[in-house]
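Here are my notes on this model, point by point. Have the coordinates open while you read.

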Amino acid sequence: MTIRTNTPKLLDNPPIPVQAKLAAAWTSLMFLVIYIDYFHLYQPGEIDEIRGGVIFEFDISGTLMSIFFVIIAIPALMVLLSMTLPARVNRVTNLVVASLYIPIMVFNAAGASWDWAFYYALTIGVEVLILAFILRSAWTWPRRVASPVTMPTSREADRAQQQA
């Protein structure tokens, strides 16, 4: 009689770089923003207001559309910047942009009727949670202490500065 003893295989869970977490969070936020804006069109009378030239009590103009573009372009660029900027600049940029976007997301509820309060609370709540994740990830960015072995000598540092 043979007894089989299989040890369970654990799934590999390698650490994910902070840059990838941030880029994924900004991507998720962008998908939400797009769909939330799309679902907004299903509210009664919204398409008629847009046809009438008004969005959120603002007259539709090139200036308004440019402002909307900038509001959407910045998080879209943050996907790229989160993967490409150097760590220190990346951390600061994510902290600043995510902090500025919390009030922007909350502003989406301006002028909403109480009939849609649950919808706005839910959508804005998820957006703010993603922004909080971005803030937490950037704030707790792992640091490493430079060891004397990895620290460049003064000659190497001078040479690196001259080449830059």
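1. Helix 3 gives the largest pocket the largest share of its lining, 6 residues. In total 23 residues line this pocket, and Asp37, Ile55, Phe56, Phe68 and Asn108 lie nearest its centre. A pocket here is an open set of points on a 1 Å grid over the protein atoms alone, with protein on both sides within 12 Å along at least five of seven lines; lining residues have an atom within 4 Å of a point.

2. Before going on, a word on provenance: this is a predicted model, with local features needing pLDDT of at least 70 and side-chain atom pairs counted only at pLDDT 80 or more, while totals for chains, interfaces and linings use all residues. Residues are numbered from 1 along each chain as its sequence is written, and side-chain values use heavy atoms, with hydrogens and water left out.

3. Back to the largest pocket: its volume is about 610 Å³, taken as the space filled by probe spheres set on the grid points, which are joined across faces, edges and corners. At least two lining residues come from each of helix 1 (18-40), helix 2 (46-51), strand 1 (54-55), helix 3 (62-84) and helix 4. By type, the lining splits into 17 nonpolar, 2 polar and 4 charged residues. Nonpolar covers Ala, Val, Leu, Ile, Met, Phe, Trp, Tyr, Cys and Pro, charged covers Asp, Glu, Lys and Arg, and the others, Gly among them, are polar.

4. How many cavities of 30 Å³ or more does the structure hold? There is 1, where a cavity is a set of grid points at which a 1.4 Å probe fits but cannot get out. The largest cavity has a volume of about 70 Å³. Its lining is made of Ile36, Asp37, His40, Phe56, Asn108, Tyr120, Thr123, Ile124 and Glu127, which divide into 4 nonpolar, 3 polar and 2 charged. Helix 5 (117-139) brings the largest share, 4 residues, and helix 1 also supplies at least two. Asp37, Phe56 and Asn108 turn up in this lining and also among the residues nearest the centre of the largest pocket.

5. For the overall layout, the chain has 6 helices and 2 strands, in the order α-α-β-β-α-α-α-α from the N terminus. These are DSSP runs numbered from the N terminus: H or I of at least four residues for helices, E of at least two for strands. Of the 164 residues, 23% are buried (under 20% relative accessible area; exposed is over 50%, partly exposed in between, with a 1.4 Å probe and protein chains only). Among contacts (heavy atoms within 4.5 Å) between residues at least 6 apart in sequence, 73% join residues at least 24 apart.

6. Asn90 deserves a look. This residue lies in helix 4 (87-107), and its 0% relative accessibility is why Asn90 counts as buried. What joins the side chains of Asn90 and Asn94? A polar contact of 2.6 Å, meaning a pair of N or O atoms within 3.5 Å; within protein, one must be able to donate a hydrogen and the other to accept it, and residues adjacent in sequence count only if both atoms are side-chain atoms. Setting aside neighbours within four places in sequence, Asn90 touches Gln19, Leu22, Leu81, Ser82, Met83, Leu85 and Trp141.

7. Pro75 sits in helix 3. Is this proline buried or exposed? Buried, at 2% relative accessible area. Its contacts beyond four places in sequence are Trp26, Met30 and Tyr101. Pro75 and Val33 are 42 residues apart in sequence, yet 9.9 Å apart in space, C-alpha to C-alpha.

8. Last, the aromatics: there are 6 pairs, counting rings of Phe, Tyr and Trp (its six-membered ring) with centres within 6.5 Å; planes under 30 degrees apart are stacked, over 60 edge-to-face and the rest tilted. Tyr35 and Phe39 make a tilted pair, 5.9 Å centre to centre with 40° between the planes. They are 4 residues apart in helix 1, so about one helical turn separates them. Tyr35 is partly exposed at 47%, and Phe39 is partly exposed at 41%. Phe39 also pairs with Tyr42: the centres are 6.4 Å apart and the planes at 50°, so this pair is tilted. Tyr42 is exposed, at 55%. Tyr35, Tyr38, Phe39 and Tyr42 form one aromatic cluster.
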